[in-house]
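Here is a protein chain to work through by question and answer. Look over the sequence and the coordinates before reading on.

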Amino acid sequence: MSKKLYTVITGTGSYIPPTVIHNDYFLDADFYDPATGKKFETPNAEIIRKFNDITNIEERRYAEPDQATSHLATFASENALQSSGFDREKLEFIIAAHNFGDIYPGTYRSDMCPAIANRVKLGLGIKNYNVNTHDVVAGCPGWTSAMIVANAYIKSGMYKCGLVVGSDLNSRVSDPYDRDRMIFSDGAGAVIVEAVESETPVGILSYSSRSDIDPGMLKMGVSLNPDYHGTEINIRMAGHKVYAYALSAVPGVVKDSLDRAGLHLTDVSKVLIHQANEKMDEAILHRVFKLYGIKEFNIDVMPMTIRTLGNSSTATVPTLLDLILKNKMEDHAIESGDNIILTSVGAGMVINSIVYRFP
């Protein structure tokens, strides 16, 4: 057999901010009903209990006041370089996935110039001016989208190695009067990818993507508090619509990615899905297995970090991967030869599913 070129992950890293925000943090919040514009009469303790029942989020992480998205991305990237021992000066591209650029407390203005990828290069102290740096803005699937771009770079033969990092600081784009703010968290995850010639398929085997236009599901909007007259806009999510869309659309994209790789669902060891809502993710997985006529399965095929880390948007999947590979998730491991799924949904709406085989 002749050798083919594959994109292989040779290092992973993550940055989980140290500040832990428990659900009790929101007991004194003023939450407004998006349908009526009036403050909820339901006690916050009840709102938080129902929120926990649905999402299984008990706590999340917030960045420090002097940190921005590019800082988190740099920390995760440094962690990937250190743990892999890869020479940073040999990187040929850096792709940074994020949603809002750098935002500092009190500003609420996205700063994306220079690009986050350029700021990561600066933060890493890389002197090589031949590094191709650019950003990918694609909502929660930003990192998986960036990985698809990285795969294209390597498959083209133009590049042999690069860094792909996903970073978001959602705590600063959430409306303080919106109960959905309890979902969001801050964090970053990164990987080193390299070109590998192999007779047997390894690394990224295939991928599938889908996009649908429905600005009502996820968008930016003014505060839900009609008496608040600030000019900033916040992330706004129609939770039920997102839930219904994800259940109907994600399973088919996952199956299509496996079909393209010539694999069956039973060939998959782990499904690393965007940590958005535990009940939603479990329902998606059930739908995927249903497509293959499988009624009973072990839920442990889908590791979850959402209970303690919340939804850090484009950072969730690479962070999850890093924690597993560094044996930081009890009862979860990935071995040589394992096939895994990397999948994410979001951004009103984008879905990606990548099939990856570990060498």
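This is a predicted model: local features need pLDDT of at least 70, side-chain atom pairs count only at pLDDT 80 or more; totals for chains, interfaces and linings use all residues.

Q: Why is β4 described as largely enclosed by the rest of the structure?
A: The strand runs over residues 93–98. Buried means under 20% relative accessible area. β4 is largely enclosed because the buried count is 6 of the 6 residues.

Q: What covers the buried residues of α3?
A: The helix spans residues 116–123. Its buried residues are Ile116, Ala117, Arg119, Val120 and Lys121. Their cover includes α2 (69–84), β4, β5 and β6 (161–169).

Q: Which residue just after α3 takes a positive phi?
A: Look at the position that follows the helix. The phi there is about 70 degrees. The residue is Gly125.

Q: What is the omega of the peptide bond from Cys113 to Pro114?
A: Pro114 sits in the loop between β4 and α3. Most peptide bonds are trans. The bond from Cys113 to Pro114 is cis, with omega near 5 degrees.

Q: Where is Met349 found?
A: The peptide bond from Gly348 to Met349 is cis. Its omega is near 0 degrees. Met349 belongs to the loop between β12 (339–346) and β13 (350–357).

Q: Is Asn56 buried, partly exposed or exposed?
A: Asn56 lies in the loop between α1 (44–55) and β3 (59–62). It is not a glycine, yet its phi is positive, about 65 degrees. Asn56 has 22% relative accessibility, so it counts as partly exposed.

Q: What is the relative accessible area of Asn327?
A: Asn327 follows α8 and lies in the loop between α8 and β12. Its phi is positive, near 55 degrees, in a residue other than glycine. Asn327 is exposed, with a relative accessible area of 63%.

Q: How many residues of α8 are buried?
A: The helix covers residues 316–325. Its buried residues include Thr316, Val317, Pro318 and Asp322. Leu320, Leu321, Leu323 and Ile324 are also among them. α8 is mostly covered, and the buried count is 9 of its 10 residues.

Q: How many Å apart in space are Asp168 and Asn99, C-alpha to C-alpha?
A: Asp168 lies in β6. Asp168 touches Asn99, as well as others including His98, Phe100, Asp186 and Ser312. In sequence, Asp168 and Asn99 are 69 residues apart. In space, their C-alpha separation is 6.6 Å.

Q: Is Asp168 buried or exposed?
A: The cut-off for buried is under 20% relative accessible area. Asp168 has 1% relative accessibility. Asp168 therefore counts as buried.

Q: How far apart in space are Phe358 and Tyr108, C-alpha to C-alpha?
A: Phe358 is in the segment after β13. It is buried, with a relative accessible area of 11%. Phe358 touches Leu321, Leu325 and Ile340, among others. Phe358 and Tyr108 are 250 residues apart in sequence, and in space they are separated by 41 Å.

Q: What radius of gyration does the protein chain have?
A: The chain has 359 residues.

Q: What share of the contacts with a separation of 6 or more joins residues 24 or more positions apart?
A: The protein chain comes to 8 helices and 13 strands. Of its 359 residues, 56% count as buried. For the contacts in question, the share is 78%.

Q: How far apart are the mean positions of the positive and negative charges?
A: The C-alpha trace spans about 70 × 55 × 35 Å along its principal axes. The chain carries 34 positive and 43 negative charges. Their mean positions are separated by 4 Å.

Key:
Residues are numbered from 1 along each chain as its sequence is written. Side-chain values use heavy atoms; hydrogens and water are left out. Helices (H or I, at least four residues) and strands (E, at least two) are DSSP runs, numbered from the N terminus. The radius of gyration is taken over C-alpha atoms; the globule rule is 2.2 Å times the number of residues to the power 0.38. Buried means under 20% relative accessible area, exposed over 50%, partly exposed in between (1.4 Å probe, protein chains only). Contact means heavy atoms within 4.5 Å. Lys and Arg count as positive and Asp and Glu as negative; His and the chain ends are not counted. The place of a charge is taken as NZ of Lys, CZ of Arg, CG of Asp or CD of Glu. Lists of a residue's contacts leave out its neighbours within four places in sequence.
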